[in-house]
Amino acid sequence: MKRRTVLKLTASALLAAGIFAGPAFAEGDVLKFGASAPKTGPLAGGSAVTHWPAIKLWVHDVNAAGGIKVGDKMMKVEVIEYDDRTSGEEAVKNIQRLINVDKVDFLIAPYGTGLNLATAPLIAKHGYPHIAVTAVTDKADEFVSRWPNSFWTLGTSTAFASSVADVLKTLRDKGVIGNKVAVVNVADAFGIELANAGKPALKEAGFEIVYDTSYPLGTQDLAPVISEAKKAAPDAFVGFSYPPDTFALTDQAKLADLKVGAFYVGVATAFPAYIGKFGGAAEGVLGAGGMNPDTPVMQAYLKRHKEVTGMDPDYWANPVTYASLEILKQAIERAGTIDRAKVIEQLKNGSFDTVVGTMTFDGNINRKFWTVGQWQNGVFQGVSSTGVGGEKEPVAKKGWN
Amino acid sequence: MEIIVTGVLLSGTYALIALGLTLQYGVARIMNLANGETLVAACFAAFWIYTATQVNPLFALVAVMPAAFALNWAIYSLLLRPLVRRAKNRGMLEVDSILATFGLLFILQGLMQLGFGGGYYSYTFLAVPFTILGSPFGLNRVVAFIAAAVIAVALYLFLNRTRQGTAIRAVAVDPVAAGLSAINVDRASAFAFALGGALTAAGGTLLSTFYTFDASMGVVFTMKALIIVIMGGVGDVRGAVVAALLLGLAETTVASLIDPGLTLAATYFLFVLTLLFRPQGIFGRSTA
Amino acid sequence: MSAFSGREIRVFLAAAALALAAALPLADQGYYLSLAVNVAMYAVLCTAWALFSGPTHYISLATAAFFGLGAYTVGLGIDTVPFAALIAIAGLVSAIVAALVGLATLRLSGVYFVIFTLGLAELTRQVVTWLQTNFTTGVGLYVFTDLAERHIYWMLLALGAAVYLSGWLIARSRLGFAMRIIGNDETVAAHVGIDTAVSKVLLFMISGAFIGMVGAILAPRFAYIEPPAAFNPMISFQVVIMALLGGSQRLWGPLVGVIPFTILFDFVSGQFPNHTNLMIGAAFMLVVYFIPNGIVGVMERLRLRLGLRKTPSASGQEKAA
């Protein structure tokens, strides 16, 4: 089982490396998409799971189905990829190159809040539709008025944080947990925004915060954090965390046998690597994101993702990234042209069928998104959303074995 | 008490990595910026061995260390020896070696990305609680610490009890004088560099049992190792171990008692104190 | 050589090059301008870096720290303080930090300095994040201005000119004279009554201030300032590499390193998006082994070889350079 994963990983890496040697399709019948996102640098770990495989699968799916129908002609899809090395200057330059040198027809949004914002003015200037996915922010409304070509899909930090309070409240009403919560966060834009929104929401819901601290990005020695939290004897643990520390917090909680009825950690809880590492101990862990994996569309998506990319997707932003591309495709087909202004018009007013369900933009913002998920029977089920539908009931975290 | 144990456990792996660097920098005079990449490569090797064949990472050491030794010997012979020959003084070698190993850092990182991609990796090995003085600690950390301690003691004995070890120490003190007293400085340097690489790889293998790693993580460890090496005194084994202990303790103490956000500040504070009061390292004698 | 003195020719050439560079946005406002902004950014960073590290031979890895401080100054003050003032404040803040770091480490030998500066960016990042976490509401800062790429580019050119001018003035001042003696032999310098520590700290402050100002000028380009991007340690490494590639002993040395290196980096990341690190590492090794004295070294050897035919006696200069 494990051996196969490694082999596949290696194989897919080799495959990904080989793709660029292949010849492009014939000029004229090809729609060129440009993608600039981290392949190296601090954010590469996340984009390797969430961003690149979704793009790869989408290109595969579209071309297998004959392409995108523009007017009366079917056009194949080709993606030009650049590595922005997780740096703003590189990202800006890559987008410039994609627009001015490669003359791509459409752009795929960059990865991460910072890189999306750094490139947004440029993308807006050239009038390309910009469907941002991996940018969780409270300022989406302000961004839309600034860049009317931008669309925001993944949600707001306030909703993510207050949903955590909601889920805990549900568990408290069920009598699973008491009133005491330990809150920790990674001292990084995402973690701090969530903690700042989450703590008041928890207090408002009548919870008592018995331990509250932050730790720097990239810290993996979190034994002190967990043992201090444990001393405060909380009923629930909430960690607004990032990939390496999400693993480390869980590891320590398991070792220290932190007895809580609810255990929440942030980004990467929905990653396949999480269940891969913790197996049965992940059961009942709450985390950021989620989706409804039970729909037939999603079942098929999960299967196809594994077949085409050789790896499992995460249960949150990866399908949304794929959905953002489906939306772009549908908008192009409805516009019947590659006139970008017309495509943006279609995006503003349409409703789109995607792997994550029907998505519509209200003021360029998707207002219905998943916020909290939970590992239940080995699957990361969405347990809270802002009205997507299909949420499962949250359950208690029962021990670590 | 819990804080002290956590700190000590943490320092074990730090010590191994720092020992590796202190040999490379103190003896072979190569400031190896790619040291952290050796560590990460060992993490991947251990991961691969463990997931593919279920071989215990502790046994994996038996394969990883000689492999790292051979690889680093090759790196020294092929890439670094020309620089050593061409350098007119130590300053020039320092600049050249920083540049060369920086290039090496990129190449190693690129190779690892090619092989494993940019994602996060970790596996579970001995992640069960082990009680020391009434508090639970990860058994993998305890085992890693013991293994690190055994390796460090072996190194100490090797350097102080064997002929080759004495030669290495002589080169560390003064390569010219060592050359005059019939020591093959070039060979001793190559040996020290390779041994340093092997120690770092051992550190990486042990680290991988309880750490989540990715291909671009190496620089952080190079940095910590450098600080430890300077605090302990360049080329000083005892110093490196003590400095690693101090660093591990300081980090955990500050994280537990003051604020986890200030661990690095604490590290640097210690570092500056050392620089101001004992610039020759904790055990160093001032060299006039 | 000719009717003009060497200095006049050089001043004229520099002015012409600057004017030519400033005219670039008229020709292209797209990709090439973006590339030019990156070149200009690294040109200023590397030259400012070499102001200090060239004469002292101390390899500073603190560039990212000053750069980030500059960007943060703008991020914090953009809503209340005019942008021009913020650039000045950024320079001042960086100079103060440089002074503190310099006082703590520059009295010692170079190795300690290298290692301390290696972690300085990380340390500053942590302290800034910690301060923000505990005393303000968020960590990400938004910088929205009306400045376009070309404005940023022109500001960088102006700053570059200022760096060159300062470098030229320093070389002619007491400080520059002192630095040359320190660079050759620190003990001698101390014996002839030069306060080596003060001289080094002063120069480090000037260098740091310019780097901080680059960070400030580039902040509007990022639009969103967060610690990992602002204090990206890669900036420090790239600056060292490019400056050494060019040759840090001459004021114009870093520039001839920056231009080919930025273009090479760009070419590699465009052609081999999945193998950037590998290719760059390999290119780098080639440089270290085959162009050991930097491009300046190559150029001087060439000039020497050309000059050799006329005046055979000039050959002793190579070693001194």
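Visitor: What is the radius of gyration of chain B, against that of a compact globule with 288 residues?
Guide: Chain B has 19 Å, which agrees with the value near 19 Å for a compact globule of 288 residues. The radius is taken over C-alpha atoms, and the globule rule is 2.2 Å times the number of residues to the power 0.38. This is a predicted model, in which local features need pLDDT of at least 70, side-chain atom pairs count only at pLDDT 80 or more, and totals for chains, interfaces and linings use all residues. Residues are numbered from 1 along each chain as its sequence is written, with chains lettered from A and ligands numbered from 1 in the order in which they are written.
Visitor: How many helices and strands are in chain B?
Guide: Chain B has 11 helices and two strands, as DSSP runs (helices H or I, at least four residues; strands E, at least two), numbered from the N terminus.
Visitor: And what share of chain B is buried?
Guide: Buried residues make up 59% of its 288 residues; buried requires 20 or more other C-beta atoms, placed from the backbone, within 10 Å of the residue's own.
Visitor: Which residues does L156(C) touch?
Guide: Leaving out residues up to four places away in sequence, L156(C) touches V37(C), A40(C), M41(C), V44(C) and I217(C).

Note on methods: Contact = placed C-beta atoms within 7 Å. Buried ≥ 20, exposed ≤ 12 C-beta atoms within 10 Å, placed from the backbone.
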